[in-house]
Amino acid sequence: MNLAQRGFAVVNFTYRLAPEYRFPSSLEDTCMVFDTNNIFAVGDSAGAHLLGLFSGMCTNPEYAKNFSFHAPKLGAALVKNKVPHEFHYYGDEEHELGHVFMLRIKEEDARICNDEECDYFRKMMR
């Protein structure tokens with residue numbers, strides 16, 4: 001993706017990895033990153049999984065009780081404001097895009113995906 005080239009500030013954080021660190025250390029690291037307004041989280045593979053778990057902690061108090069650490073202040077805002085979201089699928093049975101296709105920014109499908117994602121970010125910031 002080329003979010004920085006499109007005018008967005010980008011934070012690419014790392015988290016502790018298995019097998020050296022056991023779950024939920026990676027989720028705990030994720031929770032330490034987010035604590036502000038106008039954050040749009042994008043992940044793929046393990047990163048997307050962590051964002052799903054993080055979102056669950058922010059929006060489901062019962063699920064959050066499973067952890068000894070807490071989601072940041074962002075959690076209350078997500079629930080209170082009924083945070084909107086969109087899911088898009090790119091490609092089809094004949095044209096499978098595969099893992100991290102959106103990173104191949106010279107390809108048309110990746111450009112469309114990134115354009116739509118950035119348009120969504122801008123729409124949500126208004």
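Author: Contact means heavy atoms within 4.5 Å. The model is predicted: local features need pLDDT of at least 70, side-chain atom pairs count only at pLDDT 80 or more, and totals for chains, interfaces and linings use all residues. Residues are numbered from 1 along each chain as its sequence is written, and side-chain values use heavy atoms, with hydrogens and water left out.

Reader: How many helices and strands are there in the protein?

Author: Helices (H or I, at least four residues) and strands (E, at least two) are DSSP runs, numbered from the N terminus. From the N terminus on, the elements run α-α-α-α-α. The count for the protein is therefore five helices and zero strands.

Reader: What percentage of the residues of the protein count as buried?

Author: Buried means under 20% relative accessible area, exposed means over 50%, and partly exposed is in between, with a 1.4 Å probe and protein chains only. The protein has 126 residues, and the share of them that count as buried is 28%.

Reader: At what angle do the axes of helix H1 and helix H2 cross?

Author: Two packed helices are described by the angle between their axes and the distance between the axes. Axes are lines fitted to C-alpha atoms, for helices over the stretch in contact, and angles run from 0 to 180 degrees between N-to-C directions. The axes of H1 (residues 25–33) and H2 (residues 46–59) come within 10 Å and cross at roughly 70°.

Reader: Is H1 roughly perpendicular or roughly parallel to H2?

Author: Angles under 35 degrees count as roughly parallel, over 145 as roughly antiparallel, 65 to 115 as roughly perpendicular and the rest as oblique. The axes cross at roughly 70°. That makes the relation of H1 to H2 roughly perpendicular.

Reader: Is the crossing of H1 and H2 left-handed or right-handed?

Author: A crossing is left-handed if the near helix is turned anticlockwise from the far one by less than a right angle, and right-handed if clockwise. The crossing in which H1 passes H2 is right-handed.

Reader: How many nonpolar, polar and charged residues has the contact of H1 with H2?

Author: From H1 come Ser26, Leu27, Thr30 and Cys31, and they meet Leu50, Leu51, Leu53, Phe54 and Met57 in H2. Ala, Val, Leu, Ile, Met, Phe, Trp, Tyr, Cys and Pro count as nonpolar, Asp, Glu, Lys and Arg as charged, and the others, Gly among them, as polar. By class, the contact has seven nonpolar, two polar and no charged residues.

Reader: Which residues of H1 are buried?

Author: Ser26 counts as buried because its relative accessibility is 13%, and Asp29 is buried with a relative accessible area of 13%. Thr30, at 1% relative accessibility, also counts as buried. What covers the buried residues of H1 includes H2. The buried residues are Ser25, Ser26, Leu27, Asp29, Thr30 and Cys31.

Reader: Leaving aside neighbours within four places in sequence, with which residues is Thr30 in contact?

Author: Thr30 lies in helix H1. H2 is among what covers the buried residues of H1. Outside four places in sequence, Thr30 is in contact with Phe13, Leu50, Leu51 and Phe54.

Reader: How far apart in space are Asp29 and Phe13, C-alpha to C-alpha?

Author: Asp29 is in helix H1. Not counting residues up to four places away in sequence, Asp29 touches Tyr15 and Arg16. Asp29 and Phe13 are 16 residues apart in sequence, and their C-alpha distance in space is 9.0 Å.

Reader: Does Ala71 count as buried or partly exposed?

Author: Ala71 is in the loop between helix H3 (61–64) and helix H4 (74–80). Not counting residues up to four places away in sequence, Ala71 touches Cys31, Met57 and Cys58. At 23% relative accessibility, Ala71 counts as partly exposed.

Reader: Is the peptide bond from Phe23 to Pro24 cis or trans?

Author: Pro24 is found in the segment before H1. The bond from Phe23 to Pro24 has omega near 15° and is cis.
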